[in-house]
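Please read them alongside the structure.

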Amino acid sequence: MPELKRLHAGHAPAVLAFELANRAYFAASVPDRGDDFFDQFTDRYNALLAEQEAGICAFHVLVAEDGSVLGRFNLVDIEDHAAELGYRVAEHVAGRGVATTTVRELCQLAAGQYRLRTLRAATVRQNAASQKVLTKAGFVPVGPADPAHLGGKPGTWYQRDLVVLSTEVGDSDH
């Protein structure tokens, strides 16, 4: 069964393989990362790990039993108990509920582990699959997204308010 794991240095080869294998698939719905992303992958990857260590972002990968990456699920620009959600899943698992299930799991992590109260995500208007994932995961549209944020394409911001989970057991459990 796939497992959502916090990104670490050892994931680098699998993340690169995931990005390369799905590049054309991703480019059909989101702006392409460009050749520089792949040419400078190690430096960019290390920069992501540094941002995560600084608490600015929290990066996760959905790892299959064979160690391959099925998806990336990220919380970026963490500030004031809020973050932006970004995600992408491999073409061969798209349309099977993987993104929805994992976004829901990440929402629980965001509330419980990272103590976030609000998540936002932007998607281009033509990306009906992403809109469906967000809606099924409890996000609601809250307004237009700046096309500059979405590779020049018009889009919509979605938001989900999170319930911060208590780690204490209440008296009602006795």
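**Notes on the predicted model**

1. Phe37, Phe38, Phe41 and Tyr45 form one aromatic cluster, where rings of Phe, Tyr and Trp (its six-membered ring) pair if their centres lie within 6.5 Å, and where planes under 30 degrees apart count as stacked, over 60 as edge-to-face and the rest as tilted. A search of the whole structure returns 6 aromatic pairs. The rings of phenylalanine 37 and phenylalanine 38 have centres 5.0 Å apart and planes at 85°, so this pair is edge-to-face. Phenylalanine 37 and phenylalanine 38 are both buried, a term that stands for under 20% relative accessible area, with exposed meaning over 50% and partly exposed in between (1.4 Å probe, protein chains only).

2. This is a predicted model, in which local features need pLDDT of at least 70 and side-chain atom pairs count only at pLDDT 80 or more, while totals for chains, interfaces and linings use all residues. Residues are numbered from 1 along each chain as its sequence is written, and side-chain values use heavy atoms, with hydrogens and water left out.

3. The chain holds 6 helices and 7 strands, these being DSSP runs numbered from the N terminus (helices are H or I with at least four residues, strands E with at least two). Read from the N terminus, the order of the elements is β-α-α-α-α-β-β-β-α-β-α-β-β.

4. An open sheet of 7 strands with mixed pairing is arranged in the order S1-S2-S3-S4-S5-S7-S6, where two strands pair if DSSP finds at least two bridges between them. Strand S1 (3–6) and strand S6 (140–145) stand at the edges with a single partner strand each, so one side of each has no neighbour in the sheet. S6 pairs with strand S7 (residues 155–161) in the antiparallel sense over 5 bridges, and valine 140 stands opposite glutamine 159 in S7.

5. Helix H5 (residues 98–112) packs on the sheet and touches S1, strand S2 (58–63), strand S3 (69–79), strand S4 (82–89), strand S5 (118–124) and S7, with a direction that makes about 35° with that of S3. Contact here means heavy atoms within 4.5 Å, and axes are lines fitted to C-alpha atoms, for helices over the stretch in contact, with angles running from 0 to 180 degrees between N-to-C directions. Helix H6 (residues 128–136) also packs on the sheet, where H6 touches S4, S5 and S7 and its direction makes about 160° with that of S5.

6. Two arginines deserve a look. The charged end of arginine 88 sits over the ring of phenylalanine 26, 4.3 Å from its centre, and the charged end of arginine 120 sits over the ring of tryptophan 157, 4.2 Å from its centre. The criterion is that NZ of Lys or CZ of Arg is within 6 Å of the ring centre and within 35 degrees of the ring normal.

7. Where does histidine 11 lie? Histidine 11 is placed in the loop between S1 and helix H1 (12–21), and its relative accessible area of 9% makes it buried. Leaving aside residues up to four places away in sequence, histidine 11 touches Lys5, Arg6, Tyr45, Val61 and Val63.

8. For the chain as a whole, buried residues make up 40% of the 174 residues. Along its principal axes the C-alpha trace spans about 55 × 35 × 30 Å.
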